[in-house]
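Let's take a walk through this one together, from single side chains out to the place where chains meet. Keep the structure open beside you as you read.

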Amino acid sequence: MGKTIHISPLSRIEGHANIDIQLDDNGEVASATTHFNSIRGFEKYVQGKPAEEVTRIVTRICGICPWHHHLSSTKAVDACFGANVAPAGHMLRECMQNMAHINDKILHFYFLAAPDFIMGPDADYKVRNVIGIAQAAPELAKKVIKMRQLGQMMMEKFAGKVIHPIAAVPGGFSKPMSDSQRKELIESTKTLLDFATFSMAHAKENIFPAYMDDVTTLGSITTGFIGTVDYHGALNFYDGNIRLMMIDGSFQDFNDADYLDYIAEHVEPTSYGKFPYAKSWNQGFSMDIDNPKGVYRSNCLARLNTCDHISTPLAQAELEAFREQFGRPAQHTLLYHWARLIELVYACEKTLELLMDTAICGKETRFEVSPKAGRGVGHVEAPRGTLIHDYTTDENGLIEKANMIVGTTHNLAPISMSVEQSAKMLIKDGHVDETILNKVEMSVRAYDP
Amino acid sequence: MPVKVANEWLNSCSGCEIAILNLGETLLDLLPQIEFVHIPVLMDHKHYGQLGEKREIDIPKATVGLLSGGLRNEEHLEVAHEMRKKCDILIALGTCATHGGIPALINSFTNDEFLEYYYSTDSTEPGAKIPDQGISPLLDRCYALDEKIDVDIYLPGCPPHPDQIATAILALLNGETPDLPFKSVCDTCPAIRKGKGNITTIKRFTENPEYDPDKGIDEMRCLLEQGYLCAGPVTRAGCAGNDGDAPRCISARVPCRGCYGPVRQDGNQLLDMLNALASNGIDITSIPDRSSLLRFSGAHNRLVPSIKGDK
Ligand code: SF4
Ligand code: SF4
Ligand code: SF4
């Protein structure tokens, strides 16, 4: 056997993973394995805890998308306790859900991914980061940092905590929104929407065209997709059916409570993380890059593929242009970044739409609930994919059993496949350099574990 | 000369790193004075060399090291030792690093108990084997950093408020030791306290406290005195930042759960809270899950497999 290359840690991603690339004696890639190295056991240690407390424990699964865990978990507890949700509380939750998407997309696009495009994949690692961008393009960097800060602070000011939130509660939301807060948030959201349309136009003009070769080849694989659509088939981050799309574009819609009929998780000896796959396709599971079985993808590109349309005008126009150029379902992995910006536009428009409705200021934000025995499944679209929390409670409303499938896990199989594909495509005759290895990582950063 | 800074995340959720980014423009102002030499969330410096050719972890030398997350597997331990070796001043960043944080809740269970459960949930393929190739073996439990390496500065918080991160970094840039106050969350809370409330049992947070949303926190009766378990008395202050705001959860009218850990580094939130409640005549058996009072501070052998739930 030839040499082994350890890429560790995978950087500019959220999470803990590394890659081992094994070369054979001729310097060709014999294998490329992505190890997902993190395991913490939330499913186990929420056992015995009061369900209403779990909604503020599971936030620590991820500091980048804590809101989505918080909300998905709260929906699961609502279902366990048979709680009705106060209408204003429902709107506030949905509003926070969309606001959190705004911040995540700015972070992911500009801080984690953009250095590869703005500084170039071949730039020295010392400058290929947001600090390098701050030096090379100070005005852009300043704007990005300001916008992200605005998004974070508007959530914190209204909802108390932005990282590891606490304000969603079974039956609704912990506090109402005043009309002056609503107006202030509308102003901030308008600023963010301007920034979103600027980002979209800027990337289409100055960023993506230079990398079209990479976009259409790097990490390219062909899979199914998963995402949430509302009852009219439109993209929705908060509520609706889960849609599982096959490679040919046909799909099944199902209620989250039935997820076990559609999704199963496979265990590989090389990763702590489990690999979800489409059980309902009845093909089993295989990560063979030429002939995958059961593999589907989640996150923004998946959502844009699965939805029939988007309910807000600017994002819908972008979706139409995107589909015209790349078809439906679009498969190229680097298109995730493009899809991310379309979703940024949508998240701003949707937040604004929710804030424009004065019903969001309703004084009653929470109905009282009583802990009791039950089972509840809650799901939302986290930035990285469909996030499912499934709890069973005992008669005191303490958690008896819990199962969680987080957004990123849906993508563990596709990430592993994209890594293998790009390593095999780029490493020839034993030649590796920093640019090649960074490009292998770029095929991970599109999804971001 | 800018000061060299290194950051690593261990058994963490990355919220501490996001809190660093939440410094926003302050971070931009700080940038000319600091030079990041290693920070995986932002920068591609690799442990095993840029071409993955080295055999041992190698992090560049730095004056200040920021280390988030507790220790859960052998790789964490290796990285922590390397950070200790390479950094002059090591900061334990966040409650996971200082007290184990939420992930130390696992210390109520043995590894076997939890691995068997995790690899046999309803969605997992039946008969799955526990993974064991190319991944880092687990330690027997989740440790806070100072159980295995020397820590110079403790910066708790889940996550720490960006103001406090800035205060600490600025002090270090000036060659001073950061001065972080040892106050309780209650000391920074404006809610009205009348002394002994007339409560004898604790309510669960499935109903809302009484307050007028149009009025400030300073016109709301203390949540503990309203009968909700609030860990404010036994939790270290800081979450409100430097502006004198109300503690973060209280500002959303939600009781504190103790995310900054005990007021003193070696304090015990569970014992202190039970004492405080008992001395106010509150029946401590009315708390549905007492071990949850150690929800953020289960390292240092505070949570062990025999202490699972309540009774
Ligand atoms: S202290 Fe909190 S924010 Fe920091 S890593 Fe731990 S869980 Fe995440
Ligand atoms: S509400 Fe909580 S933090 Fe505030 S004073 Fe009462 S016990 Fe302390
Ligand atoms: S109020 Fe308590 S739980 Fe909430 S952020 Fe502050 S210290 Fe943490």
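Lys274(A) is a buried residue, because its relative accessibility of 1% is under the 20% cut-off. Its partner is Glu265(A), and the two side chains form a salt bridge with the closest N and O atoms 3.8 Å apart. Glu265(A) is tucked away too: with a relative accessible area of 2%, it is buried. Bear in mind as we go that this is a predicted model.

Now set that pair beside another one. Arg328(A) forms a salt bridge with Asp308(A), and here the closest N and O atoms are 3.2 Å apart. Arg328(A) sits in the loop between helix 10 and helix 11 of chain A, while Asp308(A) sits in the loop between helix 9 (300–306) and helix 10, so the bridge ties together parts that are 20 residues apart in sequence. Are these two buried or partly exposed? Arg328(A), at 34% relative accessibility, counts as partly exposed, and Asp308(A), with a relative accessible area of 32%, is partly exposed as well.

While you're in that loop, have a look at Gly327(A), which also lies between helix 10 and helix 11 (335–356) of chain A. Gly327(A) is partly exposed, at 25% relative accessibility.

The side chains of Lys424(A) and Glu420(A) meet at 2.8 Å, N to O. Both residues belong to helix 13 (residues 412–426) of chain A, and they are four residues apart, about one turn of the helix. Lys424(A) counts as partly exposed at 30% relative accessibility, whereas Glu420(A) has a relative accessible area of 19% and is buried. That last call rests on the cut-off, because buried means under 20%.

Pairing of this kind has a simple basis: side chains of opposite charge can pair when their charged atoms come close. Over all chains, the count comes to 45 salt bridges. Some of them join up into a network, which links Arg12(A), Asp116(A), Arg128(A), Glu434(A), Glu441(A) and Arg445(A) with Asp44(B) and Lys46(B).

Next, the rings. There are 19 aromatic pairs over all chains. In one of them, the ring centres of Phe322(A) and Phe326(A) are 5.2 Å apart and the planes are at 55 degrees, so this pair is tilted. Both residues lie in helix 10 (residues 313–326) of chain A, four residues apart, about one turn of the helix. For another geometry, turn to chain B, where Tyr118(B) and Tyr119(B) pair edge-to-face, at 4.8 Å centre to centre and 80 degrees between the planes. Tyr118(B) is buried at a relative accessible area of 12%, and Tyr119(B) is buried at 3%.

Ring pairs link Phe322(A) and Phe326(A) into a cluster with Phe109(A), Tyr110(A), Phe195(A), Phe198(A), Phe208(A) and Trp338(A).

One more residue before we leave the inside of chain A. His101(A) lies in helix 4 (residues 87–118), and with a relative accessible area of 0% this histidine is buried. What is His101(A) in contact with, leaving aside its neighbours within four places in sequence? The list is His68(A), Phe237(A), Arg303(A), Ala347(A), Glu381(A), Ala382(A) and Pro383(A).

Finally, zoom out to where chain A and chain B meet. In this interface, 101 residues of chain A are in contact with 88 residues of chain B. The size of an interface is often given as the accessible area lost when the parts come together. For chain A and chain B, the buried area is about 8,100 Å², and carbon and sulfur atoms give 57% of that.

On the side of chain A that touches chain B, helix 6 (residues 138–159) gives the most, with nine residues. Sorted by class, that side of chain A has 46 nonpolar, 26 polar and 29 charged residues.

Note on methods:
Residues are numbered from 1 along each chain as its sequence is written. Chains are lettered from A and ligands numbered from 1 in the order in which they are written. This is a predicted model: local features need pLDDT of at least 70, side-chain atom pairs count only at pLDDT 80 or more; totals for chains, interfaces and linings use all residues. Side-chain values use heavy atoms; hydrogens and water are left out. Contact means heavy atoms within 4.5 Å. Buried area is the accessible area (1.4 Å probe) that two parts lose on being put together, summed over both. Helices (H or I, at least four residues) and strands (E, at least two) are DSSP runs, numbered from the N terminus. Ala, Val, Leu, Ile, Met, Phe, Trp, Tyr, Cys and Pro count as nonpolar, Asp, Glu, Lys and Arg as charged, and the others, Gly among them, as polar. Rings of Phe, Tyr and Trp (its six-membered ring) pair if their centres lie within 6.5 Å; planes under 30 degrees apart count as stacked, over 60 as edge-to-face and the rest as tilted. Buried means under 20% relative accessible area, exposed over 50%, partly exposed in between (1.4 Å probe, protein chains only). A salt bridge is a side-chain nitrogen of Lys or Arg within 4 Å of a carboxyl oxygen of Asp or Glu.
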